[in-house]
Amino acid sequence: MLTIREKIAYGLGDTASNIIFQTVMMFLLIFYTDVVGISPAVVGTMFLVVRLFDAITDPLMGALADRTKTRFGQFRPYLLWLAVPFGIISIMAFTTPDLTGNAKVIYAFVTYTLLMMVYTAINIPYSALGGVLTTQPAERVSVQTYRFVLGMLGGLIVAAGTLPLVEYFGDGDKAKGYQLTMVAMSLLGVAMFLLCFSGTKERVCVPENQQTSFFDDLKALWQNDQWRILSLAGLFLLTGQVLRATLAIYYVKYVLGLEAQITLFMSLGMIGSILGCACAQALAKRVCKIKAYISLQLIAAFICVISYFVPKDQVTTAFVLFFLWSFFLQMATPLLWAKMADTIDYGHWKTGVRITGMVYSSVVFFIKLGVAFGGAFAGWLLAYYGYQADVEQTETAKEGILLSFTVYPALGSILVAWVMRKYVLNKEKVEQIHLALKTHGA
């Protein structure tokens with residue numbers, strides 16, 4: 001049994017990650033379009049191109065982490081080594097230099113690329129760390145529950161604090177406000193990464209006799225059919241989730257006409273996310289994790305669809321539905337990440353090769369690809385429906401924002417539920433695998 005202190009320490013790493021991840025999801029598009037002055041179509045394309053670059057960096061980072069051997073372990077050292085660079089590059093990404101035309105686009109492209117590279121380098125080892133803290137399935141759900149409750153706390157800090165801090169620090173200058181806000185956020189993130197490093201311990205190790213090449217790892221990865229299912233689920237899930245989260249600001253500002261209530265709307269969503277994550281462990285104890293996950297995705301999709309039909313003057317209903325969507329969708333998140341650890345054991349049992357970092361990095365790649373598609377679709381859809389930055393929108397643009405915020409994200413959750421029908425690693429199967437691995441000394 002892990003101590004609560006260690007679970008909290010691990011969770012603080014996701015608080016740090018989410019300070020950046022949620023800022024990118026919620027504010028980077030509107031920062032680029034309304035502050036820097038880049039067209040939404042260009043931003044959408046940039047999001048996709050940079051994420052496709054992760055197709056190379058993610059598996060390489062996973063393979064590197066699997067082969068790292070230090071007195072601190074395989075995965076923990078990266079939290080120590082990269083916390084400060086992560087903070088510095090985060091500030092650079094939200095800095096508006098005195099540039100014009102293509103120079104602004106180039107600066108945004110370079111700094112966003114660096115941000116995603118350092119995010120990969122620190123977040124993949126952090127994610128893999130959750131798979132080596134314990135072998136107990138129930139504890140894995142518990143660890144991920146703590147992780148995502150504290151991770152969503154980071155999201156709440158971003159949702160509730162970003163715009164007020166931008167206003168406070170900028171005093172009318174949004175570019176300065178965003179930069180100084182990221183200075184404050186980054187300092188907090190660095191401190192939490194270091195607390196995560198100091199408060200955790202790796203317990204599950206690679207077999208001493210395992211000697212594999214990068215291509216051997218790729219072959220073993222592809223043979224893991226349950227990994228392929230989780231990867232597809234992550235892709236569809238984040239495409240819909242990020243599309244909705246990215247357009248939430250636009251929905252409140254232009255469809256509901258309540259720009260002053262953006263912070264409240266985003267904060268309610270984060271509170272729903274925290275409460276949903278907190279309920280995940282209790283749900284997993286009572287219901288099959290697979291059936292629960294599928295059901296939660298279908299509930300989230302239903303809430304998205306009915307949100308389309310809410311009249312614009314029914315503000316309370318719109319806010320409540322966003323809270324409920326966040327609650328049910330994020331209740332499923334710890335279940336998904338606990339499944340990743342089970343999938344590593346399954347692959348070890350099936351192929352004889354344990355590739356913790358590679359499995360996490362490849363699933364994270366598909367998750368990040370979903371983030372890329374979600375962000376790209378948001379930019380492209382805004383451009384398609386005729387969005388113009390910071391002016392009164394046409395009825396066509398408002399209808400497009402509404403559709404893109406409600407109906408289209410529902411498709412992502414429906415596809416996730418469809419894919420997860422073939423996932424077979426329930427509690428009984430995982431226990432059988434652990435027994436087989438223990439019996440054969442693997």
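Reply: The buried residues of helix 11 are Ala318, Phe319, Leu321, Phe322, Trp325, Ser326, Phe327, Leu329, Gln330 and Met331. Buried means under 20% relative accessible area, exposed over 50% and partly exposed in between, with a 1.4 Å probe and protein chains only. Helices (H or I, at least four residues) are DSSP runs numbered from the N terminus. This is a predicted model in which local features need pLDDT of at least 70 and side-chain atom pairs count only at pLDDT 80 or more, while totals for chains, interfaces and linings use all residues. Residues are numbered from 1 along each chain as its sequence is written, and side-chain values use heavy atoms, with hydrogens and water left out.

Me: How are helix 11 and helix 12 oriented to each other?

Reply: For helix 11 (residues 315-331) and helix 12 (residues 333-351) the axes come within 4 Å and cross at roughly 20 degrees. Angles under 35 degrees count as roughly parallel, over 145 as roughly antiparallel, 65 to 115 as roughly perpendicular and the rest as oblique. Helix 11 and helix 12 are therefore roughly parallel.

Me: Which residues of helix 12 does helix 11 meet?

Reply: Contact means heavy atoms within 4.5 Å. On the helix 11 side the residues are Leu329, Gln330 and Met331, and their partners in helix 12 are Thr333, Pro334 and Leu335.

Me: What is the relative accessible area of Ala372?

Reply: Ala372 lies in helix 13 (residues 356-384). Leaving aside neighbours within four places in sequence, Ala372 is in contact with Phe47, Leu48 and Arg51. Ala372 is buried, and its relative accessible area is 1%.

Me: Is Glu259 buried, partly exposed or exposed?

Reply: Glu259 sits in the loop between helix 8 and helix 9 (262-286). Not counting residues up to four places away in sequence, Glu259 touches Val252 and Lys253. Its relative accessibility is 45%, so Glu259 counts as partly exposed.

Me: What are the contacts of Tyr251, leaving aside its neighbours within four places in sequence?

Reply: Tyr251 is one of the residues that touch the most other members of the largest nonpolar core, which has 146 residues. A nonpolar core is a set of buried Ala, Val, Leu, Ile, Met, Phe, Trp, Tyr and Cys residues joined through side-chain atoms within 4.5 Å. With those neighbours left aside, the contacts of Tyr251 are Leu256, Phe265, Ala318, Ile401, Leu402 and Phe405.

Key:
Axes are lines fitted to C-alpha atoms, for helices over the stretch in contact, and angles run from 0 to 180 degrees between N-to-C directions. Helices (H or I, at least four residues) and strands (E, at least two) are DSSP runs, numbered from the N terminus.
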